[in-house]
Amino acid sequence: SPPEEVEDAGEPTKRDRSHLENTLKLNEEKPADDVSGVLQRLRKIYHSSIKPLEHSYRYNELRQHEITDGEITSKPMVLFLGPWSVGKSSMINYLLGLDNTPYQLYTGAEPTTSEFTVIMHGPKLKTIEGIVMAADSARSFSPLEKFGQNFLEKLIGIEVPHKLLERVTFVDTPGIIENRKQQERGYPFNDVCQWFIDRADLIFVVFDPTKLDVGLELEMLFRQLKGRESQIRIILNKADSLATQELMRVYGALFWSLAPLINVTEPPRVYVSSFWPHDYHPETHRDLFLKEEISLLEDLNQVIENRMENKIAFIRQHAIRVRIHALLVDRYLQTYKDKMTFFSDGELVFRDIVEDPDRFFIFKSILAKTNVSKFDLPNREAYKDFFGINPITSFKLLSQQCSYMGGCFLEKIEKAITRELPDLLGSIGLGKKPNVLSCDVTGCGETPKNRYRKP
């Protein structure tokens, strides 16, 4: 019958996948690089040198970012964001070769993905409810519980036995629908996105040439991506559906509408291709699209290869923030003790300090004394809220946080930042890229150099 002939004619139009397997090294039977030893050491440094100070000064109340063991050992995470129906789910199906298999993510022209879908490795295909994922502390998703039951019903995990997922986890998100109010989602969509953005190693923001309306929800999203520019890759998908001249116009329009949203000196990389299994449309720039796709896959591979370096750098960054927070709380407390007299009203004295910390040089003294970058200082306003919940009298001075056996909390975290974590980075970098070890790149030298002393 005629439909079968059409089917036959349509069969050969699947694209060759060899470049996927080569670039992502899916066929290599190499032993998985043994990172378990490094991860053990990283966990030990975190628990013995960073967590005590984090706990003692309740850092989690300030930044709402508690690091669980699941997060220390988790695989790199790739997050797919963008308007609805731009091909995010199709792209994941294509990368994992899930089309026409029982595992494939549901795709279609209307908004189809209404859940946050986490695609991870497992011995056999199975679906995991969000409530189960959040309850399992070994996974890195337990902190998602704080977004409430409504959200957990919109979270779903899919385990797939695929080689790529042994090394990376994908997260598909509900498309941004510009004309819909936040409340209609029934959970704090932006806060949930922020949670994933903070933890993603690579963020693909996907666009469709026919849907370039940048509205409020997308603007909000780019505001949340501030500071993560190096992780963002912008994808102009379905590029073979346009004639060359039109594609050039759309590319220009996309840049034009995104420029005010991403204010960095270097514009983000935009990849132009069609990420799905069907062959490119005839009469289009197949060579260009294929090269762009391979560049994107190389980017993905780079993130996988640098997994441990990124993890150590992330923990070190966290330690630097915890240390600054502890120094600030210590300084607030010291100022409070200095100002208190026998007749003072403690609350009034402290309110003065919190309302105008600059009058007491709280932030300036931290910068002057401890080689802290002013860009790493938390917001002054945040401390009003912080001390509203945590009374200043509930903290101890740093000088009192020492024990005969365990040493001082501050010294331990400083040793972790300046010595232990850079050494750990060095131990894995030796075989791979010796140049990564230079302190210019990792910033491992925390002690200020004296510029005025003759060498």
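**Exercise 1. Why is helix 6 (residues 88-96) largely enclosed by the rest of the structure?**

Before the solution, a word on what you are looking at. This is a predicted model, in which local features need pLDDT of at least 70 and side-chain atom pairs count only at pLDDT 80 or more, while totals for chains, interfaces and linings use all residues. Residues are numbered from 1 along each chain as its sequence is written, and side-chain values use heavy atoms, with hydrogens and water left out.

*Solution.* 
- Step 1: Find the element. Helices (H or I, at least four residues) and strands (E, at least two) are DSSP runs, numbered from the N terminus.
- Step 2: Buried means under 20% relative accessible area, exposed means over 50%, and partly exposed lies in between (1.4 Å probe, protein chains only).
- Step 3: Look along the helix. The buried residues in helix 6 are Lys88, Ser89, Met91, Ile92, Asn93, Tyr94, Leu95 and Leu96.
- Step 4: Conclude. Because eight of its nine residues are buried, helix 6 is largely enclosed by the rest of the structure.
- Step 5: Take one step past the end. Just after helix 6, Gly97 has a positive phi of about 60°.

**Exercise 2. Find the order of the strands in the open sheet, and say which strands stand at the edges.**

*Solution.* 
- Step 1: Know the rule. Two strands pair if DSSP finds at least two bridges between them.
- Step 2: Read the order. Eight strands make up an open sheet, arranged 3-4-2-5-1-6-7-8, with mixed pairing.
- Step 3: Pick out the edges. Strand 3 (126-129) and strand 8 (270-272) each have a single partner strand, so one side of each is left without a neighbour in the sheet.
- Step 4: From one strand to the next, the twist averages 20°. Angles run from 0 to 180 degrees between N-to-C directions, and axes are lines fitted to C-alpha atoms, for helices over the stretch in contact.
- Step 5: Check an antiparallel pair. Strand 2 (residues 116-121) and strand 5 run antiparallel and are joined by three bridges; Ile119 has Phe170 in strand 5 as its bridge partner.

**Exercise 3. Trace the salt bridges of Glu305.**

*Solution.* 
- Step 1: Apply the rule. A salt bridge is a side-chain nitrogen of Lys or Arg within 4 Å of a carboxyl oxygen of Asp or Glu; the count comes to 11.
- Step 2: Take Lys25. The closest N and O atoms of Glu305 and Lys25 are 3.8 Å apart. This pair is 280 residues apart, with Glu305 in helix 12 (residues 286-305) and Lys25 in the loop between helix 2 (18-23) and helix 3 (36-56).
- Step 3: Take Arg167. Its closest N and O atoms with Glu305 are 4.0 Å apart. Arg167 lies in the loop between strand 4 (155-160) and strand 5 (169-172), so the pair ties together parts that are 138 residues apart in sequence.
- Step 4: Compare accessibility. Glu305 is partly exposed at 27%, and Arg167 is buried at 19%.

**Exercise 4. Locate the disulfide and describe its geometry.**

*Solution.* 
- Step 1: Use the cut-off. A disulfide is a pair of cysteine sulfur atoms within 2.5 Å, and the count comes to one.
- Step 2: Name the pair. The sulfur atoms of Cys402 and Cys408 are 2.0 Å apart.
- Step 3: The link of Cys402 and Cys408 is right-handed, with 110° about the S-S bond.
- Step 4: Check accessibility. Cys402 is partly exposed, at 35% relative accessibility.
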